[in-house]
Amino acid sequence: MSAEVAPSSGGVHQFGSIYLASTGAAPQGTFKLEGKGFTWRKQGGGTTVQVQSDEVKQVLWARSGRENILTVKKNDGEQLAFLGFRERDLEELKARFSQEITDQELSVNGRNWGDIKVEDSQLSFDVDGKKAFEVTMKDIAQASLQGKNEVAIEFQADDTATATKEDALVEMTFYVPPESTTFVGDDEKSSAKVFLEKVLEKADLVTSSNDIILSMPEVAVVVPRGRYEVQLQMNFLKLVGQSQDFKIRYSSIMRVFILPKVHQPQTLVVLSLDPPIRKGQTFYPHILFQFHNDDVESVHLNITDEALEKKNQNEGAQKDAGKLEKSFEGPSSDVFAKVVRGLAGVKISKPQKFKNNDGDGHCVRCSYKSDDGYLFPLERAFFYVQKPPILILFDDVESVEFQRQQGGSMYSAKTFDLAVKTRSDQNYLFRSISKKEYNSVFGFLKDRIKIEGLSSGSTRMSQDQELPPELDMEEDEESDDEDFKEESEEDDDDDSDESDEDDDDSDEDEDEDESDDSDEDDAPKKK
């Protein structure tokens, strides 16, 4: 049931507990109606849908059981459906939408025999002229012919389905009779084959060499583990592997991170996704690409001037996101990250502010449960990699505590532990951090997060000898750069600082809940 919020003086009206329809469990959020359009924002951060009034082609209102559905059709063919409105909300919506809201009658007789229509971005199934259900074409992951007259369609998976323990639509099969008048076949091509080709075309599942803007073969992917050919197209990128392919729409990419490893000649490029991709029963909200620092690329994108101009006009989903160019040259990691940035319209982030004790990296080595990894203290979050990757926003942290790893005083031990307690009562313990990193970690956190068990005054520890808590040591200086440093075209000079960076994992603005046992290989898991 929606929770209506009184309109503000500025004419804004909010509806709480509104769900965005999807093939999985619909994510819950807030629907805000303003004079120039509307915005739906996912609860807890993540996906945000913003539509201006001049983008709306048609608005429909349908009643389904105890729920009401508001469907918005856009001029570009995209369709959005919102669930959870009350009957009395209709009058408020009619008063504030500049377009007329049309009533739509749904088929509720339960029949599974009807007419299939593939229009714009939707596949609809009608019974006696009434809408039975609709499927968004971009949610289709694969489609194939089953037998002679059947077409099987598989859908993209969403982590909300597993998070809420709800059923999710993963596959549908359509029987297309040979005598179909909608999809007319011939001696060489059955009606089902005609329908399949239509679905593949509308779902952007047909790939030709002319559609690929940039192809990078044999790219090492740390999570999910394997080597893939990366095909960058206009609306999505595709990972082509030996046993499984992944299709990632640019609209699912929330941010790109460049993370140089320390003491290793590799750099990670991380794509943070919402919703994540799935391999088996494991979900991956972060895709980790690994590039060698010595690899240099000089590429010319397979894109027309008109398409390039249109992409640069539309890609400004985030302010200051870099523009797409025809050619790129430089380290493979930078070239890949910048092309994705231009196609997806997102920002590139690099950890900058925290420095380890040696000053050559932005993370500390530690253990989480039985696995070794690295902990990045970022400006607004902790990020641990790599089994499983864990993102903990500082806004969700209640306190941290420095604990000893071994018996006796923490100042006599060679390592210490960092315990993180969140406001949701979920605790994380990062163990076996080297004693020499204490000053760096403590100095970075003391002004950002509440530290438990801290006596008056700053507690700092010498690297070479045991010192009491009262000892006042010189403060480490912090860089003026932000930790989530956004790379723009003017910031390209900073790339040279990354080749010696410390860690191998990702840094993300998105708030997510990581499952400790999510992956057997090396799986990860915004704001």
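Residues are numbered from 1 along each chain as its sequence is written. Because the model is predicted, local features were required to have pLDDT of at least 70 and side-chain atom pairs pLDDT 80 or more, whereas totals for chains, interfaces and linings use all residues, and side-chain values rest on heavy atoms, with hydrogens and water left out.

The protein chain contains six helices and 33 strands, where helices (H or I, at least four residues) and strands (E, at least two) are DSSP runs numbered from the N terminus. Of its 527 residues, 51% count as buried; here buried denotes under 20% relative accessible area, exposed over 50% and partly exposed the range in between, with a 1.4 Å probe and protein chains only.

An open sheet is formed by seven strands in the order 29-28-27-26-32-31-30, with antiparallel pairing; two strands are taken to pair if DSSP finds at least two bridges between them. Strand 29 (390–393) and strand 30 (397–404) are the edge strands, each pairing on one side only, and neighbouring strands of this sheet are turned by 30° against each other on average, direction ignored. Helix 6 (residues 438–445) packs on the sheet and touches strands including strand 26 (364–368), strand 31 (415–422) and strand 32 (427–434), while its direction makes about 160° with that of strand 30. Contact means heavy atoms within 4.5 Å, and axes are lines fitted to C-alpha atoms, for helices over the stretch in contact, with angles running from 0 to 180 degrees between N-to-C directions. Within the sheet, strand 27 (residues 371–377) and strand 28 (residues 381–385) pair in the antiparallel sense over four bridges, and Tyr374 stands opposite Val385 in strand 28.

The count of disulfides, defined as pairs of cysteine sulfur atoms within 2.5 Å, comes to zero. The sulfur of Cys363 has its closest cysteine sulfur in Cys366, at 8.9 Å, which is too far for a bond. Cys363 is buried, with a relative accessible area of 0%, and Cys366 likewise counts as buried, at 2%.

Strand 20 (residues 253–260) is largely enclosed by the rest of the structure, because eight of its eight residues are buried. Strand 20 pairs with strand 21 (residues 266–279) in the antiparallel sense over seven bridges, with Arg255 opposite Ser272 in strand 21. Five residues lie between the strands in this hairpin, in which His263 takes a positive phi near 60°. With strand 25 (residues 348–350), strand 20 pairs in the parallel sense over two bridges, and Phe257 stands opposite Ser349 in strand 25.

Ser333, found in helix 5 (residues 332–344), is buried with a relative accessible area of 6% and touches Thr267, Val269 and Phe291, residues up to four places away in sequence not being counted. Pro285 is placed in strand 22 (residues 282–292) and counts as buried at 3% relative accessibility; Pro285 and Leu271, 14 residues apart in sequence, are separated by 8.1 Å in space, C-alpha to C-alpha.
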